[in-house]
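Biologist: I've got a model open and I'd like to learn how to read its charged side chains. Can you walk me through it?

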Amino acid sequence: DRDHYGLEKVKDRFIEILAVKCLTPKQSGQIICLAGPPGVGKTSIARSIAEATGRKYVRVSLGGVSDEAEIMGHRRTYVGSMPGRIISAVKQAGVNNPLILLDEIDKLRQNFKGDPASALLEVLDPEQNAEFTDHYIDMPFDLSNVLFITTANDSSRIPGPLYDRMDLIELGSYTLEEKMKIATRHLIRKQLKKHGIEPSQLKFSKTAVKELIEGYTREAGVRTLERTIGAICRKLAKMIVLDPEFTCYTVKPDNLESLLGPRKFTKDQLSGEDTIGLVNGLAWTSVGGELLPIEVAVMEGTGKIQLTGSLGDVMKESAQIALSVVRSHAIPERDAKYYKEHDVHVHIPAGAVPKDGPSAGVTLATAMYSALSGHAVRSDLAMTGELSLRGRVLPIGGLKEKILAARQKGIQEVLVPDLNRPDVEKLPDHVTEGMDIRYMQHIDEVWKEAVLSQP
């Protein structure tokens, strides 16, 4: 708690592990995997856990490791042979029960020298690692006392058998309120100390911190925010050195531009008009949630569906399903001849940003229904959800980030799949407060809520 704000799930989990250790000292260690976007505190919380539990801390970076021998060690018959990274880490710690952080486990590489992910299976399996054999030492070594923590940005890129041996804890992106608390409690103090500035010499107003987060950083974690605070500290260090009579400086929203230049991010203004063929979708990205407007146009042609906006295979298939759902039971007055003579063009801005994932089906179907029926869609609501061929609304992930994205853009009504109801109930109050979250089971319910009946 001294070093980190929030991250309750991670803290509770490690207190549970310690409680079990107290009751059964011989219990073999569990492998925890912290997965989440960059800058949310995965590596630094591991260091704090080591300090709080009195264990030695060693970090092993696995990013780009492609040689199996880096994990298992080389046989001593080779010139330049050496132990693997795991045994080297234990040697560096000097004890047999350190906390070893295996950083970036999702970035292991595979090549002709073997598969390091497979070599890690023995290390990270509590049933096997009591007799881990490094090729260099060539004797079993007991790793069961080591507390292993692994980190990953994208848990879907961890190989299946390795993923199966770890307990996954997902760390989401921080909300505005959380970032403000982290900045005021930790980051500002840390940067002042780093730049040799006394707390009495530089003060930040609450509104300035908020403006700093909203106008100069757009990320899931707090790394860019810390760098931006560091940039202000450097400007101030220069003032202190050049002005012998300097006393105190307060950062306010008015003087942020003179310190950091113009705002990098402005609030996207929603059109505010109910438009035909334009729907507010919600997307999850590695830097948090995004509001994703989806546009559909219908024109005379030869019955093609055209998809633009760097869509991946999953999203292309979602668009095909959405069109089939609309054609099969939405607009009875349109016969097969109409679809043969008209093209449907789907575009998702921005065109240069690749997009893929199974959560746009409902939004695509609503945009197509609106364009084909000539009925406008409400601009004051956003939606997310996948679609089956029978029109059922299927569950999706990344709900917290998506609801935050809608809230940030001033949208208070969000349509989500009914099967995601338990996920919404788990969300903290400051995410759902003031939001009207509606649950949908079928695409007809979505259209009834979102599409205006008058052309």
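This is a predicted model: local features need pLDDT of at least 70, side-chain atom pairs count only at pLDDT 80 or more; totals for chains, interfaces and linings use all residues.

Biologist: Is arginine 378 buried or exposed? And what about aspartate 380?

Modeller: For burial, the cut-off is under 20% relative accessible area. Arginine 378 has 16% relative accessibility, so it counts as buried. Aspartate 380, with 42%, counts as partly exposed.

Biologist: Which side chain does arginine 438 meet in a salt bridge?

Modeller: One partner is glutamate 413, at 3.9 Å from N to O. Arginine 438 sits in strand 18 (residues 436–440) and glutamate 413 in strand 17 (residues 413–417), so this pair ties together parts that are 25 residues apart in sequence. Arginine 438 is partly exposed at 30% relative accessibility, whereas glutamate 413 is buried, at 9%.

Biologist: Which aspartate also forms a salt bridge with arginine 438?

Modeller: That's aspartate 436, with the closest N and O atoms 2.8 Å apart. Aspartate 436 is partly exposed, its relative accessible area being 31%. Now follow the shared partners: salt bridges link Arg378, Asp380, Glu413, Asp436, Arg438 and Glu449 into one network.

Biologist: Where do positive charges gather on the surface?

Modeller: For a patch, look for like charges within 9 Å of each other, on residues with over 30% relative accessible area and no salt bridge. Here, Lys194, Arg234, Lys235 and Lys238 form a patch of positive charge on the surface.

Biologist: Which helix gives the most to the positive patch?

Modeller: Helix 9, residues 223–242, which supplies three residues. Arginine 234 is placed in that helix.

Biologist: Last one, a histidine. Is histidine 342 buried or exposed?

Modeller: Histidine 342 is in strand 13 (residues 342–347), and with 17% relative accessibility it counts as buried.

Biologist: Which residues does histidine 342 touch?

Modeller: Skip the residues up to four places away in sequence, and histidine 342 touches Val298, Met299, Glu300, Gly301, Gly303 and Lys304.

Methods: Residues are numbered from 1 along each chain as its sequence is written. Side-chain values use heavy atoms; hydrogens and water are left out. Patches are made of residues with over 30% relative accessible area and no salt bridge: like charges are joined within 9 Å, nonpolar side chains (Val, Leu, Ile, Met, Phe, Trp, Tyr) within 5 Å. Accessible areas come from the Shrake-Rupley method with a 1.4 Å probe; for residues, only the protein chains shown count as cover. A salt bridge is a side-chain nitrogen of Lys or Arg within 4 Å of a carboxyl oxygen of Asp or Glu. Lys and Arg count as positive and Asp and Glu as negative; His and the chain ends are not counted. The place of a charge is taken as NZ of Lys, CZ of Arg, CG of Asp or CD of Glu. Helices (H or I, at least four residues) and strands (E, at least two) are DSSP runs, numbered from the N terminus. Buried means under 20% relative accessible area, exposed over 50%, partly exposed in between (1.4 Å probe, protein chains only). Contact means heavy atoms within 4.5 Å.
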